[in-house]
Amino acid sequence: MSEYRGLIEAACRGAVVDEFEGPGDELTIEITRDHIQDVARFLHGEPCAFTLLADVTCADFPAGDGRGNRFRLAYHLFSRDTGSRLRLRVWADAESPEVPTVTDVWATANWHEREVWDMFGVRFGGHPDLSRILMPFDWEGHPLRRDYPLGGEDVWFSDAV
């Protein structure tokens, strides 16, 4: 068990699902979506001091994780004090994908969560302005979902060279 997992489990009982260590000591801690805000607040403060949310990413797994979840979100954290990096993993379900926002902890979450919503359709409960950020406002659907229809637009070519 990693130091961060122990700290999170002590501060937020029932939050940790599992942990994974990747190449180069890259640590990922999977937590329940109901605890994301509590864990974020804890990690932002002392003793961890993960004051920078560098990115929020999403991956679509139409077959799911075996528990009814389809979308896997990853929160990439960085501590300026220690230089430590940590990834939090949270799953959102297939039927109504929603995860609580962490914009009150990290201001950068505002744009990252909007991008995930725009591209994947994962809602962030309590987000101050969950609106399109990359696609036009009248766009229908979420283009990075695996079930988004493939296609294209007709392109008109002229014979002029």
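This is a predicted model: local features need pLDDT of at least 70, side-chain atom pairs count only at pLDDT 80 or more; totals for chains, interfaces and linings use all residues.
Strand 1 (16–22), strand 2 (26–31) and helix 2 are among the elements that cover the buried residues of helix 1.

The buried residues of helix 1 are Tyr-4, Arg-5 and Ile-8. They span an arc of only 100° around the axis, and therefore lie on the same side of helix 1. The general rule behind such a pattern is that an α-helix has 3.6 residues a turn, so residues three or four places apart point the same way. On the face of helix 1 turned away from the buried side are the exposed residues Glu-3 and Ala-10.

Two residues of helix 1 show the contrast. Glu-3 has its place in helix 1, and it counts as exposed because its relative accessibility is 61%, where the cut-off for exposed is over 50%. Its C-alpha atom is separated by 22 Å from that of Asp-55, which lies 52 residues away along the chain.

Arg-5 also lies in helix 1. With a relative accessible area of 17%, Arg-5 is buried, since buried means under 20%. Which residues does Arg-5 contact, leaving aside its neighbours within four places in sequence? They are Val-16, Val-17, Asp-18, Glu-19 and Ile-29. For one of these, Val-16, the C-alpha atom is separated from that of Arg-5 by 7.3 Å, and the two residues are 11 apart along the chain.

The next topic is how helix 1 meets helix 2. Two packed helices are described by the angle between their axes and the distance between the axes. Helix 1 (residues 3–11) and helix 2 (residues 36–44) pack at an angle of about 120°, and their axes are 10 Å apart. The two helices are therefore oblique to each other. The crossing in which helix 1 passes helix 2 is right-handed. Helix 1 contributes Leu-7, Ile-8 and Ala-11 to the contact, and helix 2 contributes Val-39, Phe-42 and Leu-43. By type, the residues of this contact divide into 6 nonpolar, no polar and no charged.

Helix 2 has a buried side as well. Its buried residues are Ile-36, Val-39, Ala-40, Phe-42 and Leu-43. These cover an arc of only 165° around the axis, which puts them on the same side of helix 2. What lies over them includes helix 1, strand 2, strand 4 (69–78), strand 5 (85–93) and strand 6 (98–100).

Most residues other than glycine have a negative phi, and most peptide bonds are trans. Pro-47 is found in the loop between helix 2 and strand 3 (52–60). The peptide bond that runs from Glu-46 to Pro-47 is cis, with omega near 10°. Ala-49 is placed in the loop between helix 2 and strand 3. Although Ala-49 is not a glycine, it has a positive phi of about 60°. Is Ala-49 buried or exposed? Ala-49 counts as buried, because its relative accessibility is 3%.

At a relative accessibility of 16%, His-142 counts as buried. Not counting residues up to four places away in sequence, His-142 touches Trp-117, Asp-118, Met-119, Phe-120, Gly-121, Arg-132 and Tyr-148.

How many helices and strands does the secondary structure come to? It comes to 3 helices and 7 strands. Read from the N terminus on, the elements run α-β-β-α-β-β-β-β-α-β. The C-alpha trace spans about 65 × 35 × 35 Å along its principal axes. Of the 161 residues in the protein, 43% are buried. Among contacts with a separation of 6 or more, residues 24 or more positions apart account for 50%.

Note on methods: Residues are numbered from 1 along each chain as its sequence is written. Side-chain values use heavy atoms; hydrogens and water are left out. Axes are lines fitted to C-alpha atoms, for helices over the stretch in contact, and angles run from 0 to 180 degrees between N-to-C directions. Helices (H or I, at least four residues) and strands (E, at least two) are DSSP runs, numbered from the N terminus. Angles under 35 degrees count as roughly parallel, over 145 as roughly antiparallel, 65 to 115 as roughly perpendicular and the rest as oblique. A crossing is left-handed if the near helix is turned anticlockwise from the far one by less than a right angle, and right-handed if clockwise. Contact means heavy atoms within 4.5 Å. Ala, Val, Leu, Ile, Met, Phe, Trp, Tyr, Cys and Pro count as nonpolar, Asp, Glu, Lys and Arg as charged, and the others, Gly among them, as polar. Buried means under 20% relative accessible area, exposed over 50%, partly exposed in between (1.4 Å probe, protein chains only). The arc is that of the directions from the helix axis to the C-beta atoms.
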